[in-house]
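Hi everyone, thanks for coming. I'd like to walk you through a structure this morning, so please have a look at the screen while I talk.

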Amino acid sequence: MIKARNLDKSFGRTHAVRDLTFEVRPGVVTGFLGPNGAGKSTTLRLMLDLDKGGGETRFDGVRYAELERPLREVGCVLDARSFHPTRTARDHLRMLAAAASIPAVRVDEVLDLVGLGEVAGHRPRAFSLGMAQRLGLAAALLGDPHTLILDEPANGLDPHGIQWLREFLRAYADAGRTVFVSSHLLAEMALMAEELVVIGRGRLIAAGPVDDFVGRFTHQAVVVRSPQVQRLATVLRMSFVGVGVTAEDETTILVEGLRTEQVGDLAAAHSITLHELSVRTASLEQAFLEATGGDVEYAAAARGPAPERVSS
Amino acid sequence: MHGFDAALRLEWVRLTTLRSTLLMVLLAFGLGAAVALVVATAVRDEPLDAEVGAVLLTSGGALVPLPLAAVLMAVLGVLAVGHDYRHGLVRPLLAAVPQRSALVLARLYVVTAVAATVTVLSMVANAGIAFLVIGQRPPLEPGVLRASGGYVLLVVLWTWLAAGATWLVRSTAAVLTGLFLVPLVMEPLVQSLTVLDTLTWLEPVARWLPFAAGRTMVLTPGAADAGGGDLTALQGGLVFGALVAVTLAAGWVRFASTDA
């Protein structure tokens, strides 16, 4: 269990993280989301006592700096390319393993686990970003820690690598461990994470199950297709106050504020034929955009109309 | 100290798995032996007195602005710290050993052990070269022993200065530039300017120039001064040591108290 309390950090006049409090529980993958510049990486550094700031983070009740052998408790990857380019992958891990008295055999185990066994003796200066990510993950797994903290671990991985990472992290969490992963790949996060911590401009926007977040920041709609769609729309408006009915095309409407059962029962009661009755669920991306729309630090300028060509 | 053992294990593997470490050690031995060979060959027909013996043992010792082993071990010290920032290693290292002062102490301990061992073994090798070329080893009289001990201490102080300065400014290039520029250019310039009538007020400053003062630690009694004026070896060592202490303390404080 990770408990972060009142994390706070400023860089000059820029308040990067503001009084941020959240918990990450074991047994599930928890995603850490936020727009660019929201303070995600700063928060992770604060949690690990790498940056000096306000508040504190406890890992199963203990601050990071007070852990007896931190690599055996918490594994982290904050920057994939944090290695000396001429020190071999194996020696890089041997160096870190030495700090926690982790036997050398474990170094080769984790290199094999992340798929770098064949290049263990290679200098990583020529490693691709994906290989560097795998080396970082191997370092995080050295001590078989109870908690994993990963900053954008899917960056640079190919689709197979991303799928492997997703399955690996879910299995890691299923074993009762704590997994906290930041990512800007929302589709990937939707598949990987069960819970979310969402921040914007250093402030907490939401924390909890993914479904709750999506439900809170989007509107679920019932899609109804019928040859008598106009009549159904009228009946719906007359039967339920405040229901939202929007026409999609000549035979389809979107109904907001009702469940499929309510729409179906009403149609049956009025002998209205239905060709489709389904739920349109909003995506995590839609919810994220809705939740963080006002907290984007670096937004591209809106694209306006193309300038008119002036004829001479 | 909490975390020191872990930091020491990490630092030993870290330093010994870098090619630059091996390169600096080999250069210290190789260049030192080459200087000793040249000196021994030049004086092989003369009796080996204390002053020449000290020069031979210390590969030029106080004769040059940048003592050989000192500058090579200083580069080792710069790289030992500078790599952390250049390659983003400081965060994984602190994730492995979050006790920052333990990491500083362990790194100083390891680079000190390497620098001192290399210097001592280099002097032993130089003595062997003297014996092979001249047929006699340098006289082990108190003046030579003191200069030899001073050389080991000077090399260690240079290594600490380099590491401390790199913790302070976090730039390998800047520290290397400073380590060459100040003793090679700035200090000789200040000393030269004192001959001008209008700049005689610089004389008290020139007397306490730290790098020149440090070199007096390698002088045998009665030898020509190394630019440190009338300072004794102890006084020179204290002046240079003060510079090292201030730089190292500032670097340590910055490393321990600011963002990684």
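Let's start where the chains meet: 27 residues of chain A are in contact with 25 residues of chain B, where contact means that the C-beta atoms of two residues, placed from the backbone, lie within 7 Å. On chain A's side, α2 (70-73) and α3 (89-99) are the elements that give two or more residues. Of these, α3(A) gives the most, with six residues. Helices here are DSSP runs of H or I with at least four residues, strands are runs of E with at least two, and both are numbered from the N terminus. What classes of residue does chain A bring to the side that touches chain B? There are 16 nonpolar, three polar and eight charged residues. In that count Ala, Val, Leu, Ile, Met, Phe, Trp, Tyr, Cys and Pro are nonpolar, Asp, Glu, Lys and Arg are charged, and the others, Gly among them, are polar.

Before I go on, a word on the source: this is a predicted model, where local features need pLDDT of at least 70 and side-chain atom pairs count only at pLDDT 80 or more, while totals for chains, interfaces and linings use all residues. Residues are numbered from 1 along each chain as its sequence is written, and chains are lettered from A and ligands numbered from 1 in the order in which they are written.

Now to the domains. Chain A is divided into domain 1 (2-216) and domain 2 (218-285), with bounds that come from an automatic or database domain assignment. Taken over C-alpha atoms, the centres of these two domains of chain A are separated by 44 Å. Seven residues of domain 1 of chain A are in contact with six residues of domain 2 of chain A. On the domain 1 side, α7 (186-192) and α8 (210-217) of chain A each supply at least two residues, and α7(A) has the largest share, four residues. By class, that side of domain 1 has six nonpolar, one polar and no charged residues.

Next, a sheet. In chain A, four strands form an open sheet in the order β2-β1-β4-β5, with antiparallel pairing; two strands pair if DSSP finds at least two bridges between them. The edge strands are β2 and β5 (62-63) of chain A, each pairing on one side only. Two bridges join β4 (residues 54-59) of chain A to β5(A), and A:Arg58 has A:Arg63 in β5(A) as its bridge partner.

Most residues other than glycine have a negative phi.

A:Asp144 lies in the loop between α5 (129-141) and β7 (147-151) of chain A.

Finally, A:Pro26 is in the loop between β2 (14-24) and β3 (29-33) of chain A. A:Pro26 is partly exposed, since it has 16 C-beta neighbours inside 10 Å. Not counting residues up to four places away in sequence, A:Pro26 touches A:Met1, A:Gly176, A:Arg177 and A:Thr178.

Technical notes
A residue is buried if 20 or more other C-beta atoms lie within 10 Å of its own, exposed if 12 or fewer, and partly exposed in between; C-beta atoms are placed from the backbone.
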